[in-house]
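Let's take a tour of this protein, going from the whole chain down to a few residues. Have a look at the picture before you read on.

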Amino acid sequence: MKLHDDLPVDHRLSRVYRVGAGLCGTALLVFGCLGLADGLSFFSTDGEPIAGLSSNGLLSLVSIVVAVVLIAGTVIGGNTASTVNITVGTLFVLSGFANLAVLDSSANILAFRIQNVLFSFVMGLVIATFGMYGRVSGRLPYDNPYWRHRHPRPAGRTDAAPVAERPRHASLPGRPA
């Protein structure tokens with residue numbers, strides 16, 4: 001799917017993808033920098049509280065790396081930002097499930113607590129929603145490049161919007177259709 005040719009650089013959807021990636025990336029960057037500035041132990045499974053969440057040096061570093069990826073998506077924009085948002089959002093949700101499974105065990109190398117798991121779920125859904133906005137829906141407008149890609153025009157057809165079909169009602173027994 002090569003929508004980068006169809007989605008203009010200044011398309012309004014690109015702004016949504018960029019704003020979402022930028023805001024979430026900035027929040028993660030601040031969290032990661034606060035953790036590293038606090039001098040947290042790198043592999044501690046206990047963690048220290050940073051901005052209401054448990055963190056260690058490794059989680060701070062991972063947060064900074066993910067923030068850089070999101071901010072790179074902000075800089076690039078367009079469909080790349082959308083794809084980055086969807087991918088990172090999905091990884092956040094999966095991370096929430098994985099870290100929920102290892103809470104209170106020695107395998108909890110990111111020092112997650114339940115508030116971190118909830119944050120991971122919420123942040124993942126927010127990031128993915130920014131990425132899917134205007135891209136995944138049943139009611140995309142006809143000028144949307146994603147709608148056009150899914151509904152190519154048959155040969156000889158004009159650019160007019162398709163006419164909605166009249167809904168068919170099932171007839172009741174004993175009544176003509």
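## Ground rules and surface

Accessible areas here come from the Shrake-Rupley method with a 1.4 Å probe, and for residues, only the protein chains shown count as cover. By that method, the protein chain exposes about 11,100 Å², and carbon and sulfur atoms supply 64% of it.

A word on where this comes from: it's a predicted model, where local features need pLDDT of at least 70, side-chain atom pairs count only at pLDDT 80 or more, and totals for chains, interfaces and linings use all residues. Residues are numbered from 1 along each chain as its sequence is written, and side-chain values use heavy atoms, with hydrogens and water left out.

## The overall layout

The protein chain has five helices and two strands. Helices (H or I, at least four residues) and strands (E, at least two) are DSSP runs, numbered from the N terminus. Follow the sequence along and you get the pattern α-β-β-α-α-α-α.

How much of the chain is buried? Of its 177 residues, 36% are. Buried means under 20% relative accessible area, exposed means over 50%, and partly exposed is in between (1.4 Å probe, protein chains only). Now for contacts, meaning heavy atoms within 4.5 Å: among those with a separation of 6 or more in the protein chain, 66% are between residues 24 or more positions apart.

## Helix 4 and its asparagine

Helix 4 has 19 residues and reaches 27 Å from its first C-alpha to its last, close to the 27 Å expected at 1.5 Å a residue. That expected span is 1.5 Å times one less than the number of residues. Its buried residues include Asn116, Val117, Phe121 and Ile127.

Asparagine 116 sits in helix 4, which covers residues 114-132. With a relative accessible area of 3%, asparagine 116 is buried. Leaving out residues up to four places away in sequence, asparagine 116 touches Leu53, Ser54 and Leu59. A polar atom of its side chain lies 2.7 Å from the backbone oxygen of serine 54.

Serine 54 belongs to strand 2 and is buried, at 5% relative accessible area. Among the residues it touches, not counting those up to four places away in sequence, are Phe31, Asp46, Ala111 and Asn116. The side chain of serine 54 also has a polar atom 2.7 Å from the backbone oxygen of alanine 111.

Alanine 111 lies in the loop between helix 3 (78-101) and helix 4. Its phi is near 55 degrees, a positive value in a residue other than glycine. Most residues other than glycine have a negative phi. Alanine 51 has a positive phi too, about 55 degrees, and is found in the loop between strand 1 (48-50) and strand 2 (53-55). Are these two buried or exposed? Alanine 111 is buried, with a relative accessible area of 0%, whereas alanine 51 is exposed at 66%.

Technical notes. A polar contact is a pair of N or O atoms within 3.5 Å; within protein, one must be able to donate a hydrogen and the other to accept it, and residues adjacent in sequence count only if both atoms are side-chain atoms.
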